[in-house]
Amino acid sequence: PMNYREIPDSVLEKLVIEKGDTSAYYDLFVSYLDYSPEKFLPYALIMANKYNYPQAYYDVYDRLWYLYGNPDSLDVTTKKFALEYLEKAAQKGHAQARQTLEEYLEHESSVATR
């Protein structure tokens with residue numbers, strides 16, 4: 001794999017699940033860039049919901065968006081779920097989430113006025 005790490009993914013996964021280790025989370029994210037987005041999604045959900053990690057809230061949104069390839073392809077329920085995680089990331093001070101949310105709201109506003 002292109003994103004090889006010295007620490008095996010299984011060790012990183014355990015550190016994320018059991019300890020909420022943010023360094024392991026980052027390394028796992030990089031390692032999983034070689035795989036499809038749904039492989040990393042459970043770890044983002046764990047870090048967001050169990051450890052309240054702002055980056056993980058954003059990653060849940062991002063992985064869902066990436067998984068579908070086109071935001072318009074998301075079903076209504078999944079789109080709502082993804083946006084809730086984006087909003088949580090923004091509320092927790094995640095700068096990229098704030099910017100993404102602002103851009104999304106501007107886009108939706110312009111579509112609604114057409």
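## Salt bridge

This predicted model holds 1 salt bridge. The side chains of Asp 62 and Arg 63 form a salt bridge, with an N to O distance of 2.9 Å. Arg 63 has a relative accessible area of 10% and is buried, because the cut-off for a buried residue is under 20%. Asp 62, at 22% relative accessibility, is partly exposed.

Asp 9 lies in helix α1. Asp 9 is buried but has no salt bridge. Its nearest side chain of opposite charge is that of Lys 39, 6.2 Å away. Leaving out residues up to four places away in sequence, Asp 9 touches Leu 28, Ser 31, Tyr 32 and Tyr 35.

Helix α1 spans residues 9–19, and its buried residues are Asp 9, Leu 12, Glu 13 and Val 16. These residues are on the same side of α1, because they cover an arc of only 100° around the axis. Helices α2 (22–31) and α3 are included in what covers them.

The face of α1 turned away from the buried side carries Glu 18 and Lys 19, both exposed. Gly 20 follows α1 and has a positive phi, near 65°.

## Nonpolar core

The largest nonpolar core has 30 residues. Those with the most contacts inside this core are Val 16, Tyr 25, Leu 28, Phe 40, Tyr 61, Trp 65 and Leu 86. At least two residues of the core come from each of α1, α2, α3, α4, α5 (76–91) and α6 (95–112). Helix α4 gives the most, with 7 residues.

Val 16 is also one of the buried residues of α1. Phe 40 is in contact with Tyr 25, Leu 28, Phe 29, Tyr 32, Asp 59 and Arg 63, with neighbours within four places in sequence left aside. Among these contacts, Leu 28 and Tyr 32 are also touched by Asp 9, and Arg 63 takes part in the salt bridge with Asp 62.

## Positive phi at Asn 52

Most residues other than glycine have a negative phi. Asn 52 is not a glycine, yet its phi is positive, about 55°. Asn 52 sits in the loop between α3 (37–49) and α4 (54–68). With a relative accessible area of 41%, Asn 52 is partly exposed.

Technical notes:
Residues are numbered from 1 along each chain as its sequence is written. This is a predicted model: local features need pLDDT of at least 70, side-chain atom pairs count only at pLDDT 80 or more; totals for chains, interfaces and linings use all residues. Side-chain values use heavy atoms; hydrogens and water are left out. Helices (H or I, at least four residues) and strands (E, at least two) are DSSP runs, numbered from the N terminus. Buried means under 20% relative accessible area, exposed over 50%, partly exposed in between (1.4 Å probe, protein chains only). The arc is that of the directions from the helix axis to the C-beta atoms. Contact means heavy atoms within 4.5 Å. Lys and Arg count as positive and Asp and Glu as negative; His and the chain ends are not counted. A salt bridge is a side-chain nitrogen of Lys or Arg within 4 Å of a carboxyl oxygen of Asp or Glu. A nonpolar core is a set of buried Ala, Val, Leu, Ile, Met, Phe, Trp, Tyr and Cys residues joined through side-chain atoms within 4.5 Å.
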